[in-house]
Amino acid sequence: MKASLLAFLQFFPGAAGTDEYLKMEATLSAFENCLQTADAKRLKGSSPMLMEFLTPIFHIFSDLIVKMTPSSSISPTGPSEDRSVYEQIRDLERQVALFEGKLQESQRCFDSIISSLASNIESTVSCVNDLKSSMEHNTDTLASLPATIAKPSYAQVASLPANVSNFTIAPPPSEKILLVRPLESKADSSTTRNKITSFLLNKNLPFRITRIKNINNDGIAICLTTDEDVNKLSQELSKNADFASFSVSKPTLRKPQFILFGVNSSYNKDSITKALLLKNDIFKDGGLEVNFSMKSKSSNNWVISVNPYLYPVIKDHGHLYLNFERVRMETFISVMQCSTCGSLGHTRNHCPNTQACIRCSSTDDHDRTSCNPRCINCTTQNARFRSGFPENHGCRDKNCPALIQFRKRTIDRTDYGR
Ligand SMILES: [Zn+2]
Ligand SMILES: [Zn+2]
Ligand SMILES: [Zn+2]
């Protein structure tokens, strides 16, 4: 635009280099600059602004036209020249009017573009705002979801379709165990373990073994995840000649036991069994075994074992009848401890050791009332498994960690029927 106006100015002799010319050029430059850099916002409703630029341009033009009239100082010298100048002026006037029209049209066009841009921006902004508020709403909904999921009301649960109750959660993996023990032991548990490990590696058997632990009688317990794997591994070992001298078995759970307190010492194993069966309906189908008695001051305490399914009923009932007496009773957890050497897991009848001090576990001849306590079971446990148990207590101490661990294992190996 600037270029065409400048070309137009060249029609005027003596115009280039005048103050007006320079002024106009500066105004045009500013206008062009403004068009290039202005943003939509600034130009919205820009009619006054455009007029601000255009008005001086028209003033300059009209000044120039006035200066070109015959009365001006730069008037032409003859009538023929006058006529031609007039014609030129009329031409110029027409061209100026044309330019004015075009400028106004451009301005309208420009204004409409700007306003359409502005309305686009407005609608985009409102669109963005809509999105933002919708996201905020979604965030709120998401935030409230865990509460909805975590705490369904009874009504919500009750209103669920019946087939939802078919949904099952996989039970946590429980250990299924296979025991392997040498029949005639000349080797320890680690030898048995190595033999099993190399067998499994060589055969490349696809069993999921979670761990292998040492057990008594130089055996090992192989922990698997399914009963099926236990059966398959048992078959694999049983048919392999290398394991002919090993017993392969599944551990059997112990029956739960009760101890009956203060039983008249006239009872023996037979008579107490008959009396219990006679007076307690719960044993009408059997399920009772009388194990052994322990002497107390004026009576005996008897230990019995019952079938696992009877345990919860008897436990909840809280007592049994012995003829016409109600007998006080408690759950009995057997801890087999040798009275000869103090070791856990065997009795004096099967003890391979010599008599030891129950305080310090020493077999030497010494004053057994003033020796420093040292527990044989915690010492052994620490040496074999680095258990870190304190050792400065007697082997019958009820707080002995080895004793507590042994009790826990007995409980774990007992089937309490629930
Ligand atoms: Zn012993
Ligand atoms: Zn001692
Ligand atoms: Zn101990």
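Strand β1 (residues 176-182) pairs with strand β3 in the antiparallel sense over five bridges, where pairing requires that DSSP find at least two bridges between two strands. Strands are DSSP runs of E with at least two residues, and helices are runs of H or I with at least four, both numbered from the N terminus. The model is predicted: local features need pLDDT of at least 70, side-chain atom pairs count only at pLDDT 80 or more, and totals for chains, interfaces and linings use all residues. Residues are numbered from 1 along each chain as its sequence is written, and chains are lettered from A and ligands numbered from 1 in the order in which they are written.

I222 in β3 is the bridge partner of I212. Five residues lie between the strands in the hairpin of β2 and β3, where N217 takes a positive phi near 55°.

In a regular strand the side chains alternate between the two faces of the sheet. In β3 (residues 220-224), I220, I222 and L224 form the covered face, while A221 and C223 form the uncovered one.

Helix α11 (residues 376-385) packs against helix α12 (residues 401-412) at an angle of about 80°, with the axes 8 Å apart. The angle therefore makes α11 roughly perpendicular to α12, a class that covers 65 to 115 degrees. In the contact, N377, C378 and Q381 of α11 meet P401, A402 and L403 of α12, contact being defined by C-beta atoms, placed from the backbone, within 7 Å. The contact residues comprise four nonpolar, two polar and no charged.

Conventions: Axes fitted to C-alpha atoms, helices over the stretch in contact; angles between N-to-C directions. Parallel < 35°, antiparallel > 145°, perpendicular 65-115°, else oblique. Contact = placed C-beta atoms within 7 Å. Nonpolar A, V, L, I, M, F, W, Y, C, P; charged D, E, K, R; others polar. Buried ≥ 20, exposed ≤ 12 C-beta atoms within 10 Å, placed from the backbone.
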